[in-house]
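Please open the structure in your viewer and keep the selection tool at hand.

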Amino acid sequence: MLIDITVANFRSIKDPQTVSFAALKDKRLDQSKVQIVSDRLKVLRTNAVVGPNGVGKSTVVRALEVVKGIVTAEASEENPLKKILTGSLFAYSDVKNQPAEFTLRVLLKEATELEPEVVATYSIKADLDHIWEESLYYNFGTSKKLMFDRVAVASLDDEVTYTVRWGKLYRGDKKRNEKAVDCRHSFIKNAADKGGETCSEIYKWFTEVLDILPMGVGSSSEKYVAAMLNAHPAWKEQLINFFWSMDITDVRDVRVGSNRDGKFVQSNDGDMVFFVHSNTKAAMFSPYGKESLSMKRLSLLALAFFEAFTKAKVLVVDDYGMFLHPEVILYLTSVFTNGCKRASQLFAVDCNPTLLEDGLLRRDAIYFAEKDSEGSTIYYPLSDFRIGANGRAKAMYESGAFGALPITSEFRFVNEEA
């Protein structure tokens, strides 16, 4: 589970900004929407960032993508940082071209009767050419222990060397791995590939738990849907039932296959998806690319949800309500909250205030995004505001009580060519 993420000097964010999944200790809030990890820690099942267009809501999603990309980059890639971070460093004023900084706290193990929960804190500071700092700490309950950290040492030549510290509880080869990792690759993957127990745990979280859905509804989403249905053939029926639950009752079959000599052939490894629509008189064979944008979006979300129902996932969805009716957004969020596996989470980013409907999310699960006086993105939670017992968060937001609203002004087109 994701507990929080802090970002600085990245895209539209200048000063450190944090979005947290840690639940407030407030018994007045709905306890069914949190996962109780221990007496010290409760984690929200669903979080959302809401705000107007163009203020940097998606920056926190891109930050998660960047950290995952750096951690999982193959050693064969000469400089994955340049590909991952180009155009993403904060570009304004005195911090121009300074390294981006990211810190994630994630739950690795829940508490048991004999042992406390284990929370990993992973931090990385990097620019287009160097990882300047990287560290991993474990919290065993209230006890914080260093696993490793490495910090770049200033040098007169172009070669970057590191000062490395190791914690007593670190499990894995130390010296050999230290020398094997260059300044453009994360230590985590190298150590995990060599069987290091400590780094394998956090690496597995990035590769198997953190799931960032593809943007839009293009070819990448079709490949995602095809791959999921190939891996779980029984989910085809589940997908059809999912459509029916939202009154989309003409989908009778979903098929996956490949284009062979201009013909669609069903296969277990294909990357093309077709829907079979039918009514009382006829059936229509419709390729994924010809479906409505909303059908594509619903297919993508449904299959991601199904996986979160069967295994622990942190599901990150940018433009969550894209192409969807407000009532469907409410329905989808409730379906996830009620059906997700114990340790699964949904992180939804959207400009749609439907996510503020009373009873949908807890007040500490909603963050707003807007620009400050310097044009930098800031995030702040709804729980910072006082709302009465009869308060209506959505109505209050739309009236301007919380900020994070677009400020519109009159526009007139001037035809200078006339």
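**First stop: Asp364**

Select Asp364 together with Arg362: their side chains are joined by a polar contact of 2.8 Å. Please note that the model is a predicted one. Asp364 is located in the loop between β17 (345-350) and β18 (366-371).

Is Asp364 buried or exposed? Its relative accessibility is 3%, and a residue under 20% counts as buried, so Asp364 is buried. To see what surrounds it, display Ser20, Ala23, Leu24, Leu29, Leu44, Asn47 and Ser383; Asp364 is in contact with these residues when its neighbours within four places in sequence are left aside.

**Second stop: Thr337**

Now move to Thr337, which is placed in helix α9. Thr337 is buried as well, its relative accessible area being 13%. Select Thr46 next to find a polar contact of 3.4 Å between the side chains of Thr337 and Thr46. Not counting residues up to four places away in sequence, Thr337 touches Lys33, Arg45 and Thr46.

Two packed helices are described by the angle between their axes and the distance between the axes. Select residues 293-310 for helix α8 and residues 326-339 for helix α9: their axes are 9 Å apart and the packing angle is about 15 degrees. The two helices are therefore roughly parallel to each other. The crossing in which α8 passes α9 is right-handed.

Which residues make the contact? On α8, display Leu298, Leu301, Phe305, Ala308 and Phe309; on α9, display Val328, Leu332, Val335, Phe336 and Gly339. Sorted by class, this contact of α8 with α9 has nine nonpolar residues, one polar residue and no charged residues.

Next, select residues 59-72, helix α1, and residues 197-209, helix α5; here the angle is about 125 degrees and the axes are 10 Å apart. α1 and α5 are therefore oblique to each other. Their crossing is left-handed. The contact is formed by Val67, Lys68, Val71 and Thr72 of α1 with Tyr203, Phe206 and Thr207 of α5. By class, the contact of α1 with α5 has four nonpolar, two polar and one charged residues.

Select Asp271, in the loop between β13 (263-266) and β14 (272-278). With a relative accessible area of 41%, Asp271 is partly exposed. Its contacts, leaving aside neighbours within four places in sequence, are Glu222, Lys223, Ala226, Gly257 and Ser258.

The tour ends with two backbone angles. Most residues other than glycine have a negative phi. Arg11 has a positive phi, near 50 degrees, and is not a glycine. Arg11 is found in the loop between β1 (2-8) and β2 (17-20), and at 36% relative accessibility it counts as partly exposed.

Finally, select Ala404, in the segment after α10 (393-398). Although Ala404 is not a glycine, its phi is positive, at about 55 degrees. Ala404 counts as buried, at 1% relative accessibility.

Technical notes. Residues numbered from 1 in each chain as written. Predicted model: local features only at pLDDT ≥ 70, side-chain atom pairs only at ≥ 80, totals over all residues. Heavy atoms only, no water. Axes fitted to C-alpha atoms, helices over the stretch in contact; angles between N-to-C directions. Helix = DSSP H or I, 4+ residues; strand = E, 2+ residues; numbered from the N terminus. Parallel < 35°, antiparallel > 145°, perpendicular 65-115°, else oblique. Left-handed = near helix turned anticlockwise from the far one by under 90°. Contact = heavy atoms within 4.5 Å. Nonpolar A, V, L, I, M, F, W, Y, C, P; charged D, E, K, R; others polar. Buried < 20%, exposed > 50% of the residue type's maximum accessible area, 1.4 Å probe, protein only. Polar contact = N/O pair within 3.5 Å; in protein donor to acceptor, adjacent residues only side chain to side chain.
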